[in-house]
2 protein chains.
Amino acid sequence: MGSRRNFLEKLTVSAIGIPLLYNSTSLFAATESAYEGPMLRVAIMGLGSYGTRVAEAMQSCKRAKLVGVISGTPSKVEAWQAKYGVPKKNCYNYENFDKIKDNPDIDAVYVITPNGLHCEQSIRVAKAGKHVICEKPMAINAEEGQKMVDACKAANVKLLIGYRMHFEPKTVEVIRMRKAGEFGKPKFFQGLSGFVIGDPSQWRLNKKLSGGGAMMDIGIYSINGARYMLGEEPIWVTAQETKTDPVKFKEGIDETIQFQMGFPSGAVASCLSTYAMNNLDRFFMTAEDGYVEMWPSTGYGPIEGSTHKGKLTQPHITHQTLQMDGMAQLIFENVQPIVPVDGEEGVKDMKIVDAIFKAAKTGDKIAL
Amino acid sequence: MGSRRNFLEKLTVSAIGIPLLYNSTSLFAATESAYEGPMLRVAIMGLGSYGTRVAEAMQSCKRAKLVGVISGTPSKVEAWQAKYGVPKKNCYNYENFDKIKDNPDIDAVYVITPNGLHCEQSIRVAKAGKHVICEKPMAINAEEGQKMVDACKAANVKLLIGYRMHFEPKTVEVIRMRKAGEFGKPKFFQGLSGFVIGDPSQWRLNKKLSGGGAMMDIGIYSINGARYMLGEEPIWVTAQETKTDPVKFKEGIDETIQFQMGFPSGAVASCLSTYAMNNLDRFFMTAEDGYVEMWPSTGYGPIEGSTHKGKLTQPHITHQTLQMDGMAQLIFENVQPIVPVDGEEGVKDMKIVDAIFKAAKTGDKIAL
């Protein structure tokens, strides 16, 4: 218990009850001994770069662990077996993964494949009786998203979307402040999400696999951010698309979209989603009594930000570690994150994405 | 002369010939003795709070001085005579100021009256053969602005608009950097201009006098800023209006307008103009090789900002002092500021204002 005390002394607990780890080796063992509840046993579907990032992050989880893989590439499966000690019996491919229903050693599947595959794959996972964790965007449109919600309900499994920012300490603190009224009434949100995308042959630039360009990939951070920063659901959107490179960004793949949202309170949001500008990852929210600015606001590295009260000093912890521990808590203990990460939350974002694409195409103000 | 020497002791000269204050005693005497050119003798029309600010700032000018007033309020005229040593023969009212044409001791009139009066008053000044300096917005629409340009040309006098930021050292440095290619190709500009306006009976909330609400007053900073930050003229605008208080903000008085612009290079701008949010005075520009952020970006106090190269450290000097000295240089020596401040520059902004109002009303993308 000594080490546990030691740990707890240095441990801070966020408003939503998620422990925030400090950077100390001694803390880790303590944490391990401290936690005696169930482990969320996760199989990752899609062993690409983000799947790898999640696998690495899960090595530090105390409530979740990587136990299985689903991949179409045998060499990757072998590598992961070796690296993460995944037993052969927990390895599947895209043809046979429905058999996961007969595997009592897997609780959940984290779908980290191209967006255009999420819907069908998630529904198959649900039908196999496993909880679904699906990377954002949950699908390529709201209709698909709703099908996933319905399928998971019918199968009595959870559907959770990979909204890692909902577990990120500085973001959580800002949302806590907003909910506590420390900013006063929110008035304006600005989200800028952009980077210059490389390899033109990647799946993110293939409409069928991605469902869209920058908007699906990163614009969705500004959409989701507007909602959790302002604490309201938008009632209208407008959008303007600009394309400077129609070779790289083909029909249906958005390069740059500016979009605006209006909210019931009169608050407004102005956002930018782009694959043509570097280092754009900025949130700004201004309210009656204060403001917050974050830059970077959604990247994997440390989030930096400040409010009218000063610099945000919550420690950086690997987002995906917090996310997977938080999702385990949600599944086993019904501990809700400060903002939902469920399928319904995902559908809300997808409806806005749909409306933005429509607004950009027609020039109309689209009611939500 | 002691206080003047004191001032000049701290003076240096920027790349574009605008004096920049500096912390060096030795520079002082040299500069003062160096200037022996003509003084721009200015009458201020409109002795309100901004007129007073300009008069105060002009006390530190070395190339311009306040010599006359035009006002409808005799008590104000008396107070200014006493405070600034304005001779009685240089005092006019709105009925008789055309007689200024017979006054050889006044070179220029600075029109600092409500926007809706600028056009007629400026044209009268031009017809009196005096240079016109007109506060921004130059008029309430582009048509009026063009009439002013034409009238000043016909009268062979200068028409200059009160674009003080074109003389502000940090802004000048950023524009210099942009012109020198130090940011690379500009990609995106964001301008946020807002404050919570007080007294609902003020002329700024009277359509006839103001021509509009926040857009005319402060949104124009973001319009002008987009142009000088990106170095291009927009080819389209879109805009969305939000009104939460239709009592305070009557028909034709905009409370909050989000507006977007597209530029020939593919660069875009997203801006906000509002009378309903405090402390919004932020510029951000991102480019291929760098960025700049400024907050405050256009206020009277010190501008604060940084670029990818670090903090902007140019000294703060009262903007209106620099502006009036710069305008004297422009008039007498044809020294052009880094970005024009002439009537044509004003008309460019007014055309965009017109298009924004049209876009906000119709929901259309307006080509420019």
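**Backbone geometry**

Tutor: B:Asn279 sits in strand β13 of chain B, residues 276–287 (helices, H or I of at least four residues, and strands, E of at least two, are DSSP runs numbered from the N terminus). The model is predicted: local features need pLDDT of at least 70, side-chain atom pairs count only at pLDDT 80 or more, and totals for chains, interfaces and linings use all residues. Residues are numbered from 1 along each chain as its sequence is written, with chains lettered from A and ligands numbered from 1 in the order written.

B:Asn279 is not a glycine, yet its phi is positive, about 60°. It counts as partly exposed, having 16 C-beta neighbours inside 10 Å (20 or more is buried, 12 or fewer exposed, in between partly exposed; C-beta atoms are placed from the backbone). In chain A, A:Asn279 also has a positive phi, near 60°. A:Asn279 belongs to the loop between β12 (268–274) and β13 (280–287) of chain A, and is partly exposed, with 16 other C-beta atoms within 10 Å.

The buried residues of α6(A) are A:Glu144, A:Gly145, A:Met148, A:Val149, A:Ala151 and A:Cys152. In chain B, B:Trp295 and B:Pro296 are joined by a cis peptide bond, omega about 0°. B:Pro296 is in the loop between β14 (291–294) and β15 (305–307) of chain B.
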